[in-house]
Amino acid sequence: MTNFSKIIATGSYLPEKILSNQDLEKLVDTSDEWIISRSGIKQRHIIGENESPSDMAYNAAIDAITSNNIDKSSIDMIIVATFTSDAVFPSNACLLQQRLGIGSIPAFDLNAVCSGFLYAIATADAYIKTNMAKTILIVGADAVSHYIDYTDRNTCVLFGDGAGAVILQHSNEPGIYGSELHADGNGEEALHVKGQLKQGKIVGHPFVYMDGKPVFKAAVKSLSHIATSILKKTNHTKEQIDWLIPHQANIRIIEATANHLSLPMDKVIVTVDKHGNTAAASVPLALDTAIKSGKIKRGDLLLLEGFGAGFTWGASLIRY
Ligand code: ACO
């Protein structure tokens, strides 16, 4: 066993503005009690007027690079997981590469919505294992608020903005033991933003639509199933997991997944209360928060999980 990708750095960024449940009570017919009991969310961060999603991606990347003393010239690929790029094109990965000033290395965006970071981890791992890259910067960054209708109580209470970054590097030691990815396009009707630009006009509804119940059920089923499956594939047991880092959409989905694995909640990283659902940023933000707080330590076994629109879902089992 000598061919692994290892996490050598993490970073994150949250915009300054905080939108609390009390703020939302003034916008729609909701209550702090309803939001907390149904989702576990108390507040979320909202991108600034003069800030762009690529600014958030850049800040998270710089945090990963500087707080871990990474030589940025060693980075030989950039993947940005996002569904909220600054522009139709170029990609935010290209904008990030230009701002970091790191040569002509390949850079691309990847859209698997809330599972984007898991798709990016699996993709980067495959590039590293096949020697096409050695050190890959992955950023999950989304300004979900750009696509939220703040008169729709079904969605506006659930989402927030932010960015998280991870740098993966080739290593002879584990590392990523394995990843698993899935998609089911039948989920389209339950969760989507169908609005698009056509001939200079917005065609279709340009806000997040979500039918919460089927999404909730699909998330619990998929995340529970994939957790068992990735452990089996990589020859690990649930007892070996030090930390579950699940997609931060809803505390009840997180608790159901932990319950399925018989994991006590003190082995589960929870940031949904402070961040809300930040789409592709959710898992790397939770990971970096837990590393910075000292919860996650070198050598710990981590199970990362994501679920999002598509539907898409994915998991990675990682020795940190
Ligand atoms: N405040 C008060 N009432 C509300 C609110 C609100 N903010 N939002 C909805 N309601 C009402 C509805 O109108 C509905 O009322 P009705 O019964 O009179 O029609 C009622 O509350 C629904 O309540 P519950 O059935 O108790 O809601 P539920 O337990 O399903 O929770 C929630 C709703 C939180 C949306 C849940 O279904 C959920 O979390 N779904 C999954 C979200 C998710 O995982 N997303 C991940 C992917 S996101 C991505 O990929 C972009």
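**Figure 1. Helices α3 and α4 cross in this predicted model.** Helix α3 covers residues 53-67 and helix α4 residues 92-100. Their axes come within 10 Å and cross at roughly 50°. Axes are lines fitted to C-alpha atoms, for helices over the stretch in contact, and angles run from 0 to 180 degrees between N-to-C directions. α3 and α4 are therefore oblique to each other. Angles under 35 degrees count as roughly parallel, over 145 as roughly antiparallel, 65 to 115 as roughly perpendicular, and the rest as oblique. The α3 and α4 crossing is right-handed. A crossing is right-handed if the near helix is turned clockwise from the far one by less than a right angle, and left-handed if anticlockwise. Helices (H or I, at least four residues) and strands (E, at least two) are DSSP runs, numbered from the N terminus.

Residues are numbered from 1 along each chain as its sequence is written, and side-chain values use heavy atoms, without hydrogens and water. In this predicted model, local features need pLDDT of at least 70, side-chain atom pairs count only at pLDDT 80 or more, and totals for chains, interfaces and linings use all residues.

**Figure 2. α7 and α8 cross with right-handed geometry.** The axes of α7 and α8 come within 9 Å and cross at roughly 30°. That angle makes α7 roughly parallel to α8.

**Figure 3. The largest pocket holds about 1,200 Å³ of space.** A pocket is an open set of points on a 1 Å grid over the protein atoms alone, where a 1.4 Å probe fits, with protein on both sides within 12 Å along at least five of seven lines; lining residues have an atom within 4 Å of a point. Grid points are joined across faces, edges and corners, and the volume is the space filled by probe spheres set on the points. The lining has 48 residues; closest to the centre are Phe 159, Leu 191, His 192, Val 208 and Met 210. Elements that give two or more residues include α2 (32-39), β10 (196-198) and β14 (301-308). α7 gives the most, with seven residues. The lining divides into 27 nonpolar, 14 polar and seven charged residues. Domain 1 (4-173) and domain 2 (177-319) each supply at least three lining residues; the bounds come from an automatic or database domain assignment.

**Figure 4. Two peptide bonds are cis: Phe 89 to Pro 90 and Pro 174 to Gly 175.** Omega is near 5° for the bond from Phe 89 to Pro 90. Pro 90 lies in the loop between β4 (77-81) and α4. Between Pro 174 and Gly 175, omega is about -10°. Gly 175 sits in the loop between β7 (161-171) and β8 (176-183).

**Figure 5. Val 113 and Ser 262 have positive phi.** Phi is near 50° at Val 113, in the loop between β5 (107-110) and α5 (116-129). For Ser 262, phi is about 55°. Ser 262 lies in the loop between α8 and α9 (272-275).

Definitions and conventions
Nonpolar A, V, L, I, M, F, W, Y, C, P; charged D, E, K, R; others polar.
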